[in-house]
Amino acid sequence: MTARRRWLLIAAAVVAIALALWRDSGEPSVEEFCGEFAHLLVVDQISLTVNPNDDTTTREAMDRTARQFADAAAAAPVEIRPDMALLADLTAALSDAVTETASRETFDRAAALIAAQDPFLETQDAATQRVVDYVTRHCTAAPG
């Protein structure tokens, strides 16, 4: 065996070991994130069936959605983790606004929701677009 061939085999082994260690480093997988994101879509769809005048179910739905956003953010790959964290923070802020107000006080609730969303206005659209693009690229089955 030549020195060059031996060096190539050693380099290949080092790369294989590095990849194995990287995969086991606790970094979420794309599949894990896609699963959490799919569950988020289900939770969000269920939330759409809630009567907004029923404070108890509205608060529960918002809390469930905020928790699922947090779970999806925790499972997000590095590429979109900051964007998912921002969206999770936004959803948590909206959930808190709903929790702290009553549906019969429509002006107070609307004001609380606007105030909760205000810190995110400049960044939420771009973050949402990056997440949608990522999900489209990595979590959507190719047509076939």
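**Entry 1: the pocket lining.** I asked which helices supply the lining of the largest pocket. I found α2, α3 (55-74), α4, α5 (106-117) and α6, and each gives at least two residues. The largest share comes from α4, with 6 residues. I note here that the model is predicted.

I then looked up the space inside. The largest pocket holds about 620 Å³. It is lined by 24 residues. Closest to the centre I listed D44, M62, T65, T91 and L94.

**Entry 2: aromatic pairs.** How many aromatic pairs does the structure hold? I counted 2. One is F33 with F37. Their ring centres sit 5.7 Å apart. The planes make an angle of 40°, and I logged the pair as tilted. Both residues lie in helix α2 (residues 30-47). They are 4 residues apart, about one turn of the helix. I checked burial too: F33 and F37 are both buried.

The other pair I noted is F33 with Y134. Here the centres are 5.8 Å apart. Why is this pair edge-to-face? The planes stand at 75°, and edge-to-face needs over 60 degrees, so the pair qualifies.

Next I placed the two residues on their helices. F33 is in helix α2, whereas Y134 is in helix α6 (residues 121-138). The pair therefore ties together parts that are 101 residues apart in sequence. F33 and Y134 are both buried. Taken together, ring pairs link F33, F37 and Y134 into a cluster.

**Entry 3: D83.** I located D83 in helix α4 (residues 81-99). Is D83 buried or exposed? Its relative accessibility is 8%. Buried means under 20%, so D83 counts as buried.

I wanted to know which side chain D83 meets in a polar contact. R130 is the partner, and the contact between the two side chains spans 2.8 Å. Leaving out residues up to four places away in sequence, D83 touches A127, R130 and V131.

**Entry 4: recap.** I have helix α4 down as the place of D83 and as the source of the largest share of the pocket lining. I have F33 down in both ring pairs, with F37 and with Y134.

Technical notes. Residues are numbered from 1 along each chain as its sequence is written. This is a predicted model: local features need pLDDT of at least 70, side-chain atom pairs count only at pLDDT 80 or more; totals for chains, interfaces and linings use all residues. Side-chain values use heavy atoms; hydrogens and water are left out. Rings of Phe, Tyr and Trp (its six-membered ring) pair if their centres lie within 6.5 Å; planes under 30 degrees apart count as stacked, over 60 as edge-to-face and the rest as tilted. Buried means under 20% relative accessible area, exposed over 50%, partly exposed in between (1.4 Å probe, protein chains only). A polar contact is a pair of N or O atoms within 3.5 Å; within protein, one must be able to donate a hydrogen and the other to accept it, and residues adjacent in sequence count only if both atoms are side-chain atoms. Contact means heavy atoms within 4.5 Å. On a 1 Å grid over the protein atoms alone, a cavity is a set of points where a 1.4 Å probe fits but cannot get out, and a pocket is an open set with protein on both sides within 12 Å along at least five of seven lines; lining residues have an atom within 4 Å of a point. Grid points are joined across faces, edges and corners, and a volume is the space filled by probe spheres set on the points.
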